[in-house]
Amino acid sequence: MSNVLPTYPRSNLTFDYGEGSYLFEANGDKYLDFGSGIAVNSLGYANKYLNEKLMDQANKLWHVSNVYQIPEQERLAKRLCETCFADYVFFCNSGAEAIEAAIKIARRYFYVTEGSLTKNEIITFSGSFHGRTIGALAAGGLEKLDGFNTSVPGFKQLQYNDHEALEAAVSKDTAAILIEPIQGEGGVSVLPVECLIGLRKLCDENNILLIFDEVQCGFLRSGKMFAHQWADIEPDIMTTAKAIANGFPLGATMTSKKVGDVMHHGTHGSTYGGNPLAVAVGNAVLDIMQKEIFLENLKKVSSYFLAGLKEISNKFPDSISEIRGKGLILGLKCMKDNLKFVEELRKQKMLTIKAGDNVVRLLPPLTLSIKECDEALEKITKACNSGY
Ligand SMILES: *Cc1c(COP(=O)(O)O)cnc(C)c1O
């Protein structure tokens with residue numbers, strides 16, 4: 001038996017090394033990776049610049065406690081705040097931890113500013129995924145806690161897209177609305193710009209905090225630094241992780257000054273969060289992403305790829321009924337079984353990820369080339385041709 005707790009259904013693939021958009025098995029078999037470790041390896045594998053920065057820092061200092069000054073952490077926080085609405089960043093190690101911090105901050109905000117003991121309800125939506133801690137599971141839908149002998153009050157999940165239900169659910173006890181601007185696990189559903197604007201308005205009118213979970217759709221995945229920036233509005237709190245350090249475990253919860261000011265010494269913390277090694281990689285990721293040429297290439301490649309996918313779905317309406325997503329977080333809504341489609345692509349040495357709502361998720365590295373797009377389009381066409 002394996003001594004690893006069997007919480008994942010694992011395929012038999014074993015990768016030995018990676019290079020750019022490809023993963024290699026020890027026998028030399030080469031796979032085009034349109035999963036990127038689930039939107040993590042946005043700069044591809046074995047990026048020389050990142051490796052250099054990681055090694056430089058590893059030779060100097062891996063870890064010191066957050067009770068000391070960490071200049072690179074200060075620098076990363078400042079740079080992140082310059083990219084969005086935020087004034088404060090809390091560093092942690094994963095998406096779920098970023099969500100936990102967001103939940104704590106939102107609830108504490110009304111405890112501190114209004115002395116409220118009841119304004120603590122967080123509204124979330126069907127199809128969402130926020131992580132696997134008790135709090136993050138509760139946010140993802142209370143049924144996800146079935147089987148754990150746990151009840152968590154203060155969460156209300158509504159049907160995604162049901163505007164009337166949302167208006168009706170808001171009450172004086174609503175503290176926050178938590179939503180992914182683009183649902184990843186749920187099936188690559190893009191929240192329309194009007195909805196982002198509508199949510200901001202609803203929150204403003206009812207003294208509610210707006211929390212965006214950008215763990216999967218952030219860091220240029222959608223073609224903007226953060227997906228909500230497709231609309232001209234800002235959240236009060238935002239969670240990020242996945243691509244923030246290209247695979248080095250790092251997460252970040254960002255807040256406005258008004259909201260973050262309620263968090264005093266001792267209200268939250270993390271032993272590893274934002275340690276020198278993690279933030280050195282985080283800064284190196286931004287160095288690359290903030291080059292003008294990076295976004296230019298991303299725009300060019302993503303529109304080329306989307307046009308190719310649309311052509312395929314027009315040609316094979318019995319296989320793919322719809323192309324969803326933005327930038328390079330894309331979904332193929334399948335007419336047949338999405339898992340079979342993923343398996344067929346795997347036979348053709350292309351890696352993709354199954355998502356909810358019978359969708360195959362495509363999350364290639366953002367460094368993708370036109371040539372690699374062509375290779376992917378050819379493999380997807382073959383899968384359709386095989387009847388999937
Ligand atoms: C992956 C994900 C999380 C959880 O991140 P972990 O690092 O696995 O804890 C939370 N929210 C969204 C939107 C995600 O995609």
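Trainee: Lys242 lies in the loop between β11 (237-240) and β12. What are strands and helices here?

Mentor: They are DSSP runs, numbered from the N terminus: helices are H or I with at least four residues, strands are E with at least two. This is a predicted model, in which local features need pLDDT of at least 70, side-chain atom pairs count only at pLDDT 80 or more, and totals for chains, interfaces and linings use all residues. Residues are numbered from 1 along each chain as its sequence is written, and side-chain values use heavy atoms, with hydrogens and water left out.

Trainee: Why is Lys242 called partly exposed?

Mentor: Buried means under 20% relative accessible area, exposed over 50%, and partly exposed in between (1.4 Å probe, protein chains only). Lys242 has 21%, so Lys242 is partly exposed.

Trainee: What makes the phi of Lys242 worth a look?

Mentor: Phi of Lys242 is near 20°, a positive value in a residue other than glycine. Most residues other than glycine have a negative phi. Asn246 also has a positive phi, near 50°. Asn246 sits in the loop between β11 and β12.

Trainee: Is Asn246 buried or exposed?

Mentor: Buried, because its relative accessible area is 11%. Ser256 counts as buried as well, at 14%. Ser256 is in the loop between β12 (251-255) and α8 (257-260).

Trainee: What does Ser256 contact, beyond its neighbours within four places in sequence?

Mentor: Contact means heavy atoms within 4.5 Å. By that test, Ser256 touches Phe85, Asp87, Tyr88 and Asp236.

Trainee: Which residues of α7 are buried, and what makes them a face?

Mentor: Cys195, Leu196, Leu199, Arg200, Leu202 and Cys203 are buried. Seen down the axis of α7, they fall within an arc of 165° (the directions run from the helix axis to the C-beta atoms), so they line one face. The face turned away carries the exposed residues Glu194, Lys201, Asp204 and Glu205.

Trainee: What covers the buried residues of α7?

Mentor: The cover includes α6 (163-169), β7 (174-179) and β10 (209-213). Ile177 is in β7. Its contacts beyond four places in sequence include Leu199, Leu202 and Cys203.

Trainee: Why does Ile177 count as buried?

Mentor: Its relative accessibility is 0%, so Ile177 counts as buried. Ile177 and Ile208 are 31 residues apart in sequence, yet 7.2 Å apart in space, C-alpha to C-alpha.

Trainee: Why are α2 and α9 called roughly antiparallel?

Mentor: Axes are lines fitted to C-alpha atoms, for helices over the stretch in contact, with angles from 0 to 180 degrees between N-to-C directions. Under 35 degrees is roughly parallel, over 145 roughly antiparallel, 65 to 115 roughly perpendicular, the rest oblique. The axes of α2 (residues 48-60) and α9 (residues 276-289) come within 9 Å and cross at roughly 155°. Therefore the two helices are roughly antiparallel.

Trainee: Which residues make the contact?

Mentor: Among them are Tyr49, Leu50 and Lys53 of α2, and Pro276, Leu277 and Ala280 of α9.
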